[in-house]
Amino acid sequence: MSAASFLGITGLIALNGFDGFMYSVGWFIAYLTVLFIVAEPLRNLGKYTLADMLVYRLKDPRVRTYAALSTITISTFYMIAQVVGAGSLISLLSGGVIKAELAIPLVGVLMIVYVVVGGMLATTWVQIIKAALLMFATIVMTVLILNRFGWSFSNLLGQVEAKNGAEFLGAGVKYKNPIDLISLCLALVLGTAGLPHILVRFFTVPTAQDARKSVVWAMVLIGAFYVMTALMGNAANVLLGKDAIEAANKAGNMAAPLLAQALFGGAGTTGGEFGLAFVTAVAFATILAVVAGLTISASTSFTHDIYNGVMKGGQASEKDQFRVARLATVAVGVAAILLGLAAKTQNVAFLVALAFAIAASANLPVILFTLFWRRFNATGAIWGLVGGILFTLLLIAVSPNIMKIDPDTLTTGRHLIQANAIFPLENPGIISIPAGFLFAVIGTLIGAARRNTADDARHFEEMQYRAYTGAGMDGTVAAHD
């Protein structure tokens with residue numbers, strides 16, 4: 001329930017109809033993968049980070065380093081969307097006086113300060129508060145929308161069809177190539193199970209049963225929220241129109257705040273300005289909460305896995321770890337700000353989908369093979385993590401997301417050569433996810449010749465026993481006993 005969902009999906013549905021709603025479907029279904037495959041064993045095997053779980057099975061410190069780098073990469077990509085959304089909000093509220101070039105750094109600095117000062121406790125509370133505020137805001141807007149359209153979703157869709165044509169309610173408005181839509185859905189459904197800031201939350205509950213309960217509650221809330229995004233997006237299309245939405249933000253990121261303004265009375269009215277201000281504040285709280293979780297995940301992974309686990313051999317003092325964590329937070333925040341400036345014209349839900357593709361291509365294959373493949377080894381994990389990340393980034397770099405010209409700039413003379421995308425799909429999931437599994441398999445076969453297979457088999461048995469019984473989690477019972 002991030003800015004990508006609240007701002008991005010509402011805008012995508014308003015501008016692209018059914019194709020935009022597929023983001024809601026994909027992200028909701030993704031939690032079934034988390035519930036049935038990842039939640040319980042991850043809670044039983046890990047301690048602070050994803051790397052803890054991998055190292056417990058694979059017994060190789062190199063895996064800890066590469067898992068931490070994967071966490072930092074994915075978290076940074078995810079943060080880009082949040083700072084872009086925040087920059088768009090500030091630009092809207094200021095009437096365009098504060099441009100994205102200034103708004104994005106301002107928001108980034110604010111969020112860095114919040115995380116450095118508040119830590120995990122402040123992050124947890126802001127996530128609780130933002131979830132309550134976001135659900136309240138979407139419920140109020142949904143009630144107002146249903147009241148406006150005679151308490152009939154069919155009536156709302158009928159007006160959407162009358163305004164845009166019947167094809168708007170079917171696939172193909174945004175994704176002309178059906179393979180592109182399939183690729184997107186694969187990334188959304190499989191990527192959640194590899195997202196570091198989602199997985200790290202399982203380490204904050206006392207038992208595996210609590211981890212499963214957490215996912216079930218999350219699915220209830222997220223499912224209800226995503227149903228309401230369909231109402232908000234279609235209502236924005238009817239009440240605001242595509243032209244007004246794109247005039248405020250070309251990518252559609254401001255559809256939700258503008259819809260609130262229209263529902264509460266319209267621009268210039270007291271109710272309308274209150275609605276705009278309230279929904280914008282909720283969006284800011286949402287962005288702050290998500291960025292806080294991402295930076296905590298990235299900085300913890302660097303500090304715990306690379307600095308303490310690898311560089312200091314587990315002997316770093318708490319004081320040193322706090323200092324390094326703060327520095328890592330600043331570094332990740334600065335990287336997100338710089339990349340956010342480069343991607344300031346993109347839809348935030350679309351940007352997050354790229355982070356999901358990286359997570360599904362790098363982390364997910366390694367997690368699944370660690371849990372279920374007896375022959376899997378450290379070399380396979382390294383190949384899977386590094387190969388999955390690099391190959392996905394390569395496909396993104398040569399995709400239409402990067403290798404295209406903005407039509408608005410064609411007449412400025414700044415571009416002399418028309419760039420054509422080498423890779424035709426906007427989301428690389430359909431190619432990069434199988435490639436991630438393939439890299440992990442190849443690395444495992446290469447590493448098998450240098451491994452003691454008997455030790456690998458024993459480590460696998462110990463891992464499975466602990467993963468599904470919880471024995472040894474508290475250090476009082478050895479897993480192999």
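A nonpolar core is here a set of buried Ala, Val, Leu, Ile, Met, Phe, Trp, Tyr and Cys residues joined through side-chain atoms within 4.5 Å, where buried means under 20% relative accessible area, exposed over 50% and partly exposed in between, with a 1.4 Å probe and protein chains only. The structure is a predicted model, in which local features need pLDDT of at least 70 and side-chain atom pairs count only at pLDDT 80 or more, whereas totals for chains, interfaces and linings use all residues. Residues are numbered from 1 along each chain as its sequence is written, and side-chain values use heavy atoms, with hydrogens and water left out.

The largest nonpolar core comprises 135 residues, and those with the most contacts inside it are Phe6, Leu7, Tyr23 and Trp27. Helix α14 (residues 348–372) supplies the largest share of this core, 18 residues; helices (H or I, at least four residues) and strands (E, at least two) are DSSP runs numbered from the N terminus. With contact taken as heavy atoms within 4.5 Å, and with residues up to four places away in sequence not counted, Leu7 touches Gly85, Leu89, Gly252, Asn253, Met254, Ala256, Pro257, Ala283, Ile287 and Val348. In soluble globular proteins, nonpolar side chains tend to be buried together.

For the protein chain as a whole, the secondary structure amounts to 17 helices and 0 strands. Its radius of gyration is 23 Å, close to the 23 Å that the globule rule gives for 481 residues, so the protein chain is as compact as a globular protein of that length; the radius is taken over C-alpha atoms, and the rule is 2.2 Å times the number of residues to the power 0.38. The C-alpha atoms fill a box of roughly 70 × 45 × 40 Å along the principal axes. Of the 481 residues in the protein chain, 56% are buried, and among contacts with a separation of 6 or more, 81% are accounted for by residues 24 or more positions apart. The protein chain exposes about 19600 Å², of which carbon and sulfur atoms supply 67%, as computed by the Shrake-Rupley method with a 1.4 Å probe.

Asp19, in helix α2 (residues 18–45), is buried, with a relative accessible area of 0%. Its C-alpha atom is separated by 7.0 Å from that of Tyr175, which lies 156 residues away along the chain, and, neighbours within four places in sequence aside, Asp19 is in contact with Gly170, Ala171, Gly172, Val173, Lys174, Tyr175 and Leu181. Leu58, located in helix α3 (residues 50–58), counts as buried at 2% relative accessibility; Leu58 and Thr379 are 321 residues apart in sequence and 9.3 Å apart in space, C-alpha to C-alpha. Ser297, in helix α12, likewise counts as buried, at 5% relative accessibility, and touches Thr71, Ser75, Pro196 and His197 when residues up to four places away in sequence are not counted.

The structure holds 12 aromatic pairs, a pair being rings of Phe, Tyr and Trp (its six-membered ring) with centres within 6.5 Å, stacked if the planes are under 30 degrees apart, edge-to-face if over 60 and tilted for the rest. Phe264 and Phe274 form an edge-to-face pair, 6.2 Å centre to centre with 70° between the planes. Because Phe264 lies in the loop between α11 (255–263) and α12 (270–311) and Phe274 in helix α12, this pair ties together parts that are 10 residues apart in sequence. Phe264 is partly exposed, with a relative accessible area of 27%, and Phe274 is partly exposed at 49%. The rings of Trp373 and Phe376, by contrast, have their centres 6.1 Å apart and their planes at 25°, so that pair is stacked; Phe376 is buried, with a relative accessible area of 1%. Tyr23, Trp27, Tyr78 and Phe356 form one aromatic cluster.

Lys59 lies over the face of Tyr56 at 4.5 Å from the ring centre, and the charged end of Arg466 sits over the ring of Tyr56, 4.6 Å from its centre. Lys59 is placed in the loop between α3 and α4 (61–93) and has a positive phi of about 55° although it is not a glycine.

How values were computed
A charge sits over a ring if NZ of Lys or CZ of Arg is within 6 Å of the ring centre and within 35 degrees of the ring normal.
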